[in-house]
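My entries follow the order in which I looked things up.

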Amino acid sequence: MRLDGWVLAFTLIVSVVTGILFGIAPAFAASNTDVSETLKEGGRSSAAGGGSRNRLRHGLVVAEIAFSLVLMIGAGLLVTSFSRLTGVNPGIRPDNVLTLRLALADPPYDNHTVFLAFYRKVLERLKTLPGIEAAAAVSDLPLTGQNFDNTFSIPGRPPLPAGEFISAEMAWVSPDYFRTIGIPLIKGRVITDRDTETTPQVVVISESMARRWWPTEDPLGKRLAIGYNDFKPEIVGVVGDAHDGLEAAPAPHMYVAYTQLPRDAVYLVAKSSGALNVDSMAGMIRREVQSLDKNIAVYKVRPMNEVMAVSIGTRRFNMMLLGIFAGLAMVLAGVGIYGVMAYGVTQRTHEIGLRMALGAQRRDVLGMLIGHAMILAAAGISLGLAGAFALTQLMASLLYRVTATDPQTFALVSILLAAVVFGASYIPARRATRLDPMTALRYE
């Protein structure tokens, strides 16, 4: 991301024009004041306390509160959505896991034998490095949304109608992959060193795949016919579901041994036995890889936690951006209320003194002024709720497990904004109760 010159220039122009317009408006209104009407209104305090100028000030505050509420509700919905998204179990244990990708040049790695020999050597070396608890190879990482979708059929079941097919995400993995990435074994076994080019073909499936196509029977021992010639592996294990993305339900997965069905684009994953030191661990792995072949590029070096963070990066950015706008709007609404109240107290000093001289208690004055502010708040919140109810429908696609009209968010944000208005009005109102009645009566 970068700062765009056109956006900066547009924002600057809008800011300057806004300042000029809002500076000229009150000056223009003051120059058109009807002196005789002002005198009829009964002096300075009553003129300031009523009339069109006062209504305009109050109207602006009400509008400010309404717009602030809309932004705050939008931010609240995104915060709730993001909180629920980050609470989703990804199906893996990403802590202390480093991922990186290798670029293998063709030739010689288009040859199956050379490909397998290289990865065997790499993994053997990685497992002997200090601080590395486990290491494995995999064709695609979880939480990236880049897994390969492949069709398959189930031998012994009736063939599907023409044009129909079933499919699942498929990954090529080496032994120790499930232990390294933290995918739990549910039943059976995982892929091991015994699964080679010369042994019977095997496949491990995810729990969601087992539930979908074998809901009432044990899938272990069943065979699949995957969309490759003569590749009909036996299901030897069922593992937990790993998400392609946190927002969607986990898709059915099948895992095949990279020795039995190789693929050239492969990630390495390595689990640290202690706190993950990315630079140190990546440096060791890079040196081992390039000691075998200096022409191999090592790239996309990232901790698995970062991969997971990137998968929800857009949602986090939207939440932060709208949250900043909502926070600024709330501050401006508070400042606006404070300004109107402080100005009103100044202009009504004589009136307040008169009320207190006639027996009004300090709590009566405090209640009168705060009550006026809360009436403005109620009007602004009512308008804001109506606007938010309509506008938040547009952000429904940005939400996860929360409705665009979530009543809890609407209620909490309304209470929060009302509390801000109360606090902003309390300070000038409290100051008004400390006025000396005799001094206030002489004020003009």
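Is the crossing of helix 12 and helix 13 left-handed or right-handed? I looked this up before anything else, keeping in mind that the model is predicted, and I noted that the crossing of these two helices is right-handed.

**Entry: helix 12 and helix 13**

I located helix 12 at residues 362–391 and helix 13 at residues 407–433, and I found that their axes come within 9 Å and cross at roughly 150°. Because angles over 145 degrees count as roughly antiparallel, I wrote down that helix 12 and helix 13 are roughly antiparallel to each other. I then listed the residues that meet, and on the helix 12 side they include Leu-366, Leu-369, Ile-370, Ala-373 and Phe-389, while on the helix 13 side Phe-410, Leu-417, Val-421 and Phe-422 are among them. Sorted by class, this contact of helix 12 with helix 13 has 19 nonpolar, three polar and two charged residues.

**Entry: helix 10 and helix 13**

Next I turned to helix 10, which covers residues 313–347, and I saw that its axis and that of helix 13 come within 9 Å and cross at roughly 25°. That angle makes helix 10 roughly parallel to helix 13, and the crossing of this pair is right-handed. From helix 10 the contact is made by residues including Met-330, Gly-334, Ile-337 and Tyr-338, and from helix 13 Leu-416, Val-420, Ala-424 and Pro-428 are among those taking part. I counted the classes here as 14 nonpolar, two polar and one charged.

**Entry: helix 5 and helix 8**

I also looked at helix 5 (residues 112–128) and helix 8 (residues 278–292), which pack at an angle of about 145° with their axes 10 Å apart. Helix 5 passes helix 8 in a right-handed crossing. Phe-118, Lys-121, Val-122, Arg-125 and Leu-126 of helix 5 make the contact with Ile-285, Glu-288, Val-289, Ser-291 and Leu-292 of helix 8, and these residues divide into six nonpolar, one polar and three charged.

**Entry: cavities**

How many cavities of 30 Å³ or more does a search of the whole structure find? I noted three, and the largest cavity holds about 60 Å³ of space. Among the residues that line the largest cavity I wrote down Val-138, Asp-140, Asn-147, Tyr-177, His-243, Asp-244, His-253 and Tyr-255. By class, the lining of the largest cavity has seven nonpolar, three polar and two charged residues.

How values were computed. Residues are numbered from 1 along each chain as its sequence is written. This is a predicted model: local features need pLDDT of at least 70, side-chain atom pairs count only at pLDDT 80 or more; totals for chains, interfaces and linings use all residues. Side-chain values use heavy atoms; hydrogens and water are left out. Axes are lines fitted to C-alpha atoms, for helices over the stretch in contact, and angles run from 0 to 180 degrees between N-to-C directions. Helices (H or I, at least four residues) and strands (E, at least two) are DSSP runs, numbered from the N terminus. Angles under 35 degrees count as roughly parallel, over 145 as roughly antiparallel, 65 to 115 as roughly perpendicular and the rest as oblique. A crossing is left-handed if the near helix is turned anticlockwise from the far one by less than a right angle, and right-handed if clockwise. Contact means heavy atoms within 4.5 Å. Ala, Val, Leu, Ile, Met, Phe, Trp, Tyr, Cys and Pro count as nonpolar, Asp, Glu, Lys and Arg as charged, and the others, Gly among them, as polar. On a 1 Å grid over the protein atoms alone, a cavity is a set of points where a 1.4 Å probe fits but cannot get out, and a pocket is an open set with protein on both sides within 12 Å along at least five of seven lines; lining residues have an atom within 4 Å of a point. Grid points are joined across faces, edges and corners, and a volume is the space filled by probe spheres set on the points.
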